[in-house]
Amino acid sequence: MLSFIARRLGLLIPTFFGVTLLTFALIRLIPGDPVEVMMGERRVDPQMHAEAMERLGLNKPLYAQYLDYIGDLAQGDLGESLRTRTSVWSEFLTLFPATLELSLAALLFAGTLGLTAGVIAALKRGSLFDHGVMGIALTGYSMPIFWWGLLLIMFFSVNLGWTPVSGRIDLLYDIPPVTGFMLIDSLLSDEEGAFVDALQHLILPAVVLGTIPLAVIARMTRSAMLEVLREDYVRTARAKGLSPARVVFVHGLRNALIPVLTVFGLQVGALLAGAVLTETIFSWPGIGKWLIESIGARDYPVVQNGILLIACLVILVNFVVDILYGLANPRIRHQR
Amino acid sequence: MNASTEVPVIDQSLLYPSPLKEFWQAFAHNKGAVAGLLFMLLVVFCALFAPWVAPYNPSEQFRDFLLTPPAWLEGGQAQFLLGTDELGRDLLSRLIHGARLSLMIGLASVLMSLIPGILLGLTAGFFPRLLGPSIMRLMDVMLALPSLLLAVAIVAILGPGLINTVIAIAIVSLPAYVRLTRAAVMGELHRDYVTASRLAGAGLLRLMFVTVLPNCMAPLIVQATLSFSSAILDAAALGFLGLGVQPPTPEWGTMLASARDYIERAWWVVSLPGLTILLSVLAINLMGDGLRDALDPKLKNAV
């Protein structure tokens, strides 16, 4: 097992350096003069221009610039935002819990509903329910989620007035950030009704963000269950006279879960991409919205290292999923 | 020996169906795939003949008819079948012209990633010692970023616009082709027919393109369909974020972005472009499923 982890870690390091190369290149590949682009004006005063080049380290040879960049990263210095003058790392830390909360809620929604629908569809293969679930899943998989979000807002927020249109919580409430998770913070605070309000804010974005993972999980669960239910040990379990529920959940679902878990891991990347769109629609103050706003404001340090942080996050989650997968399935562990 | 023996003429087509016919039978078996194909044929027709099919010029503004509802609703005008947008432009015409753009973005980005992807994948498969792993590491780096975010990053560098959208989407879908081609090549490389052709003196290029590549095409065609649909989705998403094709070009995602402000008053300017995106992507995905079942039965139950 240790050698398996070591091998995977070995693969991780070149990937990480590759990503730093990519984010390093990002700011240098901007067509035209980077200082002019960043300041958003033409013909900058030559002295100011030189100073800016100096400050950004753009006047050194490329390899030295890259070494500087890696050196800064190694010291945990991710630069500071051009707009707010706060460090990129601390901005990331304050905004990330919002994205995490949204993503977890979305995964919870997608996971419970997707697993249930997938299992039932597999058990009732060929039935109307099965066809319905698969049709809905394919539709969900093809869904432009930015439009889906707008539709839900139009229906539930504008027409029915059930849920708020945007944000994480009503401005009336003053919630001190303890954990960064609004649901927990609102419970900790003694504001009345804050928790319900936070929940109402969370529901629509979570549904929107969870739609594509839901479709993928439902499809994957169904096909994994169908595969497993054909196995000999399931027939044996049935023949032994075990209750149908026990056969399905203990013998069937448990084994079908392995490929489903992998899909869960793969969905993390998709979730973060979806978060960019979902957060933009619902004005959810997370890293997705932060990134898009920074691109609009040509705040390149934020764009550069925000992307680096997200990439690291995805690499890390995939690494953990790989390890878990190796734990669950020895055949993966010993394969070269 | 001049006695001519009558050779009974056997209609070969009755013995073995031609590959094309066999393929069509398998494809037509999947009703969803046929429905998808029909819908896409309609979209392609509209896109090809947009100037003749669309009732109006997509940027012509009818100042007296701002935000007219679709014809079947109260206040609707028969001349604007799907209603008009905030500037009085005919929605149907814009959607039809948008089909042109979306299909073009899809086609261009698929070609721009399929061809380099196949070349890189073949190289990686044929040189498994040094070149292969380095190509694959590079692809891993690109896969570390979620596709839309990578596209956003690329557009952030290049600036928004139609061509940059295509480039960004092409770069984003590259790794899938490289991985698929390489995996297929590795599977074929040790087959007897490849060894035979090697022994017969086939050169590297011949081995790559004539011997091996045709046998790797099935998964690539399926992937090309799938990435065509995700290209349409990503292009619309970029347009929606204001990073893609810029207004007033009638791109579906861009249309949605500018319709956002009218969400309370005019549901049709919000609903119809999105519905068009959904239906097109759904149709292509249905077709992709059918293609996969017909070309690559091994994958039948994969997601």
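Here is a short tour of chains A and B in this predicted model.

**Stop 1: the annotated domain in chain A.** Start by selecting residues 96–325 of chain A, where UniProt, in an unreviewed entry, places "domain: ABC transmembrane type-1". You will see that this stretch is 80% helix and 0% strand. Its end C-alpha atoms are 26 Å apart.

**Stop 2: the annotated domain in chain B.** Now select residues 99–288 of chain B, which carry the feature "domain: ABC transmembrane type-1" in an unreviewed UniProt entry. Here the chain is 81% helix and 0% strand, with 19 Å between the end C-alpha atoms.

Stop 3: UniProt (unreviewed entry) places the feature "transmembrane region" at residues 33–54, 101–127, 147–178, 199–222, 228–245 and 266–287 of chain B. Residues 101–127 of chain B are 96% helix and 0% strand, and their end C-alpha atoms lie 39 Å apart. Residues 199–222 of chain B are 67% helix and 0% strand, with end C-alpha atoms 32 Å apart.

**Stop 4: where the chains touch.** Show both chains together: 37 residues of chain B are in contact with 42 residues of chain A. On the chain B side, pick out helices H6 (131–144), H7 (147–158), H11 (217–240) and H13 (267–295), each of which supplies at least two of the touching residues. Which helix gives the largest share of this side of chain B? That is H13(B), with 10 residues. Finally, colour the side of chain B that touches chain A by residue class: 27 residues are nonpolar, 6 polar and 4 charged.

Conventions: Residues are numbered from 1 along each chain as its sequence is written. Chains are lettered from A and ligands numbered from 1 in the order in which they are written. This is a predicted model: local features need pLDDT of at least 70, side-chain atom pairs count only at pLDDT 80 or more; totals for chains, interfaces and linings use all residues. UniProt positions are given in the numbering used here, feature names are shortened, and annotations may be inferred rather than shown by experiment. Helices (H or I, at least four residues) and strands (E, at least two) are DSSP runs, numbered from the N terminus. Two residues are in contact if their C-beta atoms, placed from the backbone, lie within 7 Å. Ala, Val, Leu, Ile, Met, Phe, Trp, Tyr, Cys and Pro count as nonpolar, Asp, Glu, Lys and Arg as charged, and the others, Gly among them, as polar.
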